[in-house]
Structure formats: structure tokens, C-alpha cells
Amino acid sequence: MDTSNEAARGLTDIEGFLYWEAHLRTAHRRATDFVSRVTGLSPTQKAEIEWWYVQEQLRVSQSITRHLTDHITAVEEHHARRYTRLRRGAYAATTLFTTLILTLCVAVLLGTAA
């Protein structure tokens, strides 16, 4: 792998990490905001609710990420198959056209030589 690919991969990894951390901070903030509005909860209960909410957000995010990854993979596979079919068709058409032109050239040469 060359340096530019490594740099691009590193930037993608950093971007993913920063996105994930921002998501976690948002989940923690939303959970804290929620439990602060509920009266009568002990600090332990508030902590448990916050923990559960963040864990649930992580589970949902992972589920969505898996779904998107599966969908993107399926679309990429579909397009790869389609591109392969189109490429084979183009090769076949080019071969046929070349054969036709060569046959025509040979026929013209043989016709003018006689």
C-alpha cells in the first residue's frame, strides 16, 4: 500500500472515530438531560438509566451500521455483475465489428486483385 492510500485510510479511520465519539457524547448528553427532568430518582437510578440509554443507542447505531454495510455491499455486488456483463458485451461487439471490418477489407482486396 502506498503512502497516499495509507493517509486516506488513516483519515477515514480518524473521521469514523470522531463521528463515533460525537455520537457517544450526544447519547450521554441526551440521557443526562432526560434523567435530570425526572423527579424522585436516586443517583443510582439516574446512572442506571443513563447507562441503559447509551447502551441502547450503541446497539441501535451498530444495527443501522450493519444494515447500511449489508445494503452497500449488495449494491456494489449488483453493479460489479452489471459492469462485467456490459464489459463482456462491449468486448463481444468490438470483436464482431473488428471481424466484420477485416472480412470486408479482405473481400475488397480480393475483389480488386481479380
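What is the handedness of the crossing of H1 and H2? The crossing of H1 and H2 is right-handed, in a model that is predicted, with local features needing pLDDT of at least 70, side-chain atom pairs counting only at pLDDT 80 or more, and totals for chains, interfaces and linings using all residues. Residues are numbered from 1 along each chain as its sequence is written, and side-chain values use heavy atoms, with hydrogens and water left out.

**Helix packing**
- H1 and H2 pack at an angle of about 145°, their axes being 9 Å apart, where axes are lines fitted to C-alpha atoms over the stretch in contact and angles run from 0 to 180 degrees between N-to-C directions.
- By class, the contact of H1 with H2 has ten nonpolar, six polar and three charged residues.

**Largest pocket**
- About 170 Å³ of space lies in the largest pocket, and its lining is made by Tyr19, Trp20, His23, Val60, Ser61, Ile64, Thr65 and Leu68.
- A pocket is an open set of points on a 1 Å grid over the protein atoms alone, where a 1.4 Å probe fits, with protein on both sides within 12 Å along at least five of seven lines, and lining residues have an atom within 4 Å of a point.
- H2 gives the most to this lining, with five residues.

**Serine 61**
- Serine 61, placed in helix H2, counts as buried because its relative accessibility is 13%, buried meaning under 20% relative accessible area with a 1.4 Å probe and protein chains only.
- Leaving aside neighbours within four places in sequence, serine 61 is in contact with Trp20 and His23.

Note on methods: Points joined across faces, edges and corners; volume = space filled by probe spheres on them. Helix = DSSP H or I, 4+ residues; strand = E, 2+ residues; numbered from the N terminus. Buried < 20%, exposed > 50% of the residue type's maximum accessible area, 1.4 Å probe, protein only. Contact = heavy atoms within 4.5 Å. Left-handed = near helix turned anticlockwise from the far one by under 90°. Nonpolar A, V, L, I, M, F, W, Y, C, P; charged D, E, K, R; others polar.
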